[in-house]
Amino acid sequence: IKNIAVLTSGGDAPGMNAAIRAVVRACAYYNVKCTGIYRGYQGMIENDMVEMGPRTVKNIVNRGGTILKSARSTDFRTPEGRKQAYENLLANEVDALVVIGGDGSFKGGLALTKEFNFPIIGIPGTIDNDIAGTSHTIGFDSALNTVVDAIDKIRDTANSHNRLFFVEVMGRDAGHIALNAGIGAGAEEILIPEENIGFEKLIDSLERSRNSGKSSSIVVVTEGDSIGKTVFELGEQVKNTMPNYDVRVSVLGHLQRGGSPSCFDRVLASRFGVKAVESLLAGEHSMMVGLLNDKVVLSPIEKAVKSAGNGVDEELIRISDIVSI
Ligand code: F6P
């Protein structure tokens, strides 16, 4: 392998830049050319590529977002798009590819491998942490810190006004952000898609909280929550059921994806980036790097994509019930 390409795809995540940096510098360390592909698979189709060296990735380890930019390419979902992308890889003399992204990005990479036998290694990068084969994806820890910080601030005002707040967090259809940030920020209830507690149980729990002396409450809700309503509908319904509650809704939105990566994410991204390059050079392909029991390991990408899932930790659900009593 003489030329390894790297791209970021799907929703960006803090720490992606640290991963790009590690890939580029590991290539330099092992005397391999490195090609950066802009805007994920879309840039591959449009031949938007640049040669990268160790100094092209200076001063980015601390920066959120991705210097290579990201995209969710619809063209790459077509056989014609993938063929064009493959031809551009050949034209640029790229021999292997590192894909930094989530399950959608890995599915794209797998298609390339299956159709053209092109070697790829995946690096899990998404704030959602919804990838099997790793305890942590790049960006998850940073997003958690951002969410906890935001909820701490909401708690100040909730407490001052004796209010009940519904705070919606990201996670698409996975409750990892809600569950972890909810415990970290001391939420009364956490609504996640993996566990449908139902409206009645939510009301019971909120009433119990009030009766036990809590004057304000925070409920963390995963987007596409377990009760099957939008967070605004949920807030409205609770207001109608418990008219003496002063209810407010706050949607944290895309601020969860931005900001400087945590030290944990920077170190994780550096470990993943180096391992990805070393794995390709060792002849591995169609694998994903991941963190299991604090060791960086490889697992087949096939297993990493969403169909395999990465269920929430049941233990955390139990802990959250106990500590919110
Ligand atoms: O996958 C990361 C994520 O931030 C999800 O949590 C969220 O559902 C989605 O991306 C939002 O995507 P977009 O930025 O395209 O609106």
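Modeller: Two strands pair if DSSP finds at least two bridges between them, and strands themselves are DSSP runs of E with at least two residues, numbered from the N terminus. Residues are numbered from 1 along each chain as its sequence is written. This is a predicted model, where local features need pLDDT of at least 70, side-chain atom pairs count only at pLDDT 80 or more, and totals for chains, interfaces and linings use all residues.

Biologist: Thanks! What makes β10 and β11 a pair, and which way do they run?

Modeller: Six bridges join β10 (residues 287-292) to β11 (residues 295-300), and the two run antiparallel. In one of those contacts, M287 has P300 of β11 as its bridge partner. The hairpin of β10 and β11 has two residues between the strands, and N293 there takes a positive phi near 50°.

Biologist: How do you know that β5 pairs with β10?

Modeller: DSSP pairing asks for at least two bridges, and β5 (residues 120-124) has two to β10, running parallel. There, G122 stands opposite M288.

Biologist: Where does UniProt list D103?

Modeller: An unreviewed UniProt entry lists D103 under "binding site"; such annotations may be inferred rather than shown by experiment.

Methods:
Helices (H or I, at least four residues) and strands (E, at least two) are DSSP runs, numbered from the N terminus.
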